[in-house]
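I opened my notebook to look at how one protein chain folds. Here is what I looked up.

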Amino acid sequence: MVVSPDALAGRVRPRFPIFERLTYLNSCSQGALSDAVREAYVRYLSDWDEHGAPWEYWVAQLDAARASVAGLLNADEEEIAITTSVSAGVGALTSALSFDGERNKIVISDFEFPTIGQISHAQERRGARVEHVHAEADGTIPVERFDAAIDEQTALVAVTHVCFRNGARLDIAPIAALAHERGALLLLDAYQSAGSLPLDVQALDCDFLAAGALKYLLGSAGIAFFYCRRDLVERFAPTATGWFADRNIFEMDIHDYSPAPTARRFEAGTPPVPAIYAAIAGIELMREIGIDETERHVRRLTELLREGLDELDVKVVTPRSWHDRGALTCVASTDAEGLVATLAERRIVTSTRDGNLRISPHCYNATEDIEAVLGALREHRGLLRNL
């Protein structure tokens, strides 16, 4: 039986009111607001109003978020830290690394978000050396380039799963194998894949993973998470820390530094309680919808989009093969900001990075959304770059 490409969207779309007004194709920036997340914020306000300051309950919500993330990643709860951003988690990790010995190199790719690049280069003040792995002209990075960069002096390899600028996807397992073969650790930034692609930290063989709930996980700003492989936790004592990273947050001890024996040691200060409610709702909604089914659905929509862009004979900077790409498609533009504004006038929400128009369907998008954006692009062909 052939399944309609709109079957999933038909089932979940009513839970996202924005589609009553707009064609929303910007999940790579922020997921659409669902009824579940809206209700989660109402529940937070009701709890606050009813109890005043129910900190024990809010800490339990933090633990519930940890459980949701662990289920998402095929990890244990003790391997998960809840942070305010990817920057906070990665900053805590790098604060625990020493760069005064032979292993003083950080390898990063050209695909990284500024967070990874800036935090890595900030470690140069502490003795680190940073080496960039460059992309090919076709927007991919062959594993051989990582092979050449990772050596016995490498402490950390930091790579993104899906690039926010061109939508390219890295094959993580072989890069992890290279890192481990040479005694280095691997940090994966999965912000552009969490919720749109299945994530299994065991299969990926990453040592650390950082992501947030803002995009395809349908949560809101101010909440992220950080995974640390269980056997590595006690190797690292972050100096970027806070009271929620302590072994007992209610001990209120100011006389020593006693980090938690779990990945909680990568947390910091008071957590963003409202965003925790939203994150739990968003993650659980995505698990209910099905991330495997979402991937298949988005792949079909992306193929329709690519066919339409091929007919327009324009430059698509995202690799064609699904194995080499994520959920967002990036199209080269002569005026990307102007094109996003023009589409917005047609009530089509997209975004831009690096001079490219970004179109990112998700579980709630349907073929009519792809047809709408292609129709608008045909009318404004002059704002797109030729092949």
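How many bridges join β3 to β4, and do they run parallel or antiparallel? I counted 5 bridges, and the two strands run parallel. Two strands pair if DSSP finds at least two bridges between them. Helices (H or I, at least four residues) and strands (E, at least two) are DSSP runs, numbered from the N terminus.

A note on the source: this is a predicted model, where local features need pLDDT of at least 70, side-chain atom pairs count only at pLDDT 80 or more, and totals for chains, interfaces and linings use all residues. Residues are numbered from 1 along each chain as its sequence is written, and side-chain values use heavy atoms, with hydrogens and water left out.

**Entry: strand β3.** I looked up I108 and found H132 of β4 opposite. Next I checked burial (buried means under 20% relative accessible area, exposed over 50%, partly exposed in between, with a 1.4 Å probe and protein chains only). In β3, 5 of 5 residues are buried. K105, V107 and S109 lie on one side, I106 and I108 on the other.

**Entry: the sheet.** I traced 7 strands in an open sheet, in the order β2-β8-β7-β6-β5-β3-β4, with mixed pairing. β2 (80-83) and β4 (129-133) each have a single partner strand, so one side of each lacks a neighbour in the sheet. Neighbouring strands are turned by 20° against each other on average, direction ignored. For angles, axes are lines fitted to C-alpha atoms, for helices over the stretch in contact, and values run from 0 to 180 degrees between N-to-C directions.

I then looked inside the sheet. β6 (residues 185-189) and β7 (residues 208-212) run parallel, joined by 3 bridges. L188 has L209 in β7 as its bridge partner.

**Entry: helices on the sheet.** Contact here means heavy atoms within 4.5 Å. Helix α4 (residues 86-95) touches β2, β5, β6, β7 and β8, and its direction makes about 160° with that of β7. Helix α5 (residues 114-122) lies across β3, β4, β5 and β6, at about 160° to β3. In α5, I found T115, I116, G117, I119 and S120 buried. The buried residues of α5 pack against α4, β3, β4, β5 and β6.

**Entry: strand β9.** β9 (residues 329-332) and β12 (residues 356-359) run antiparallel, with 4 bridges between them. V331 pairs with L357 in β12. T329 and V331 point one way, C330 and A332 the other way, and all are buried.

Entry: I used a 1 Å grid over the protein atoms alone: a cavity is a set of points where a 1.4 Å probe fits but cannot get out, a pocket is an open set with protein on both sides within 12 Å along at least five of seven lines, and lining residues have an atom within 4 Å of a point. Grid points are joined across faces, edges and corners, and a volume is the space filled by probe spheres set on the points.

The largest pocket has a volume of about 320 Å³. Of its 25 lining residues, F113, D189, Y191, Q192 and K215 are the closest to its centre.

How many cavities of 30 Å³ or more does the structure hold? I found 1. About 40 Å³ of space lies in the largest cavity. Its lining includes A65, I82, F225 and I283. α3 (55-73), β8 and α9 (273-289) each supply at least two lining residues.
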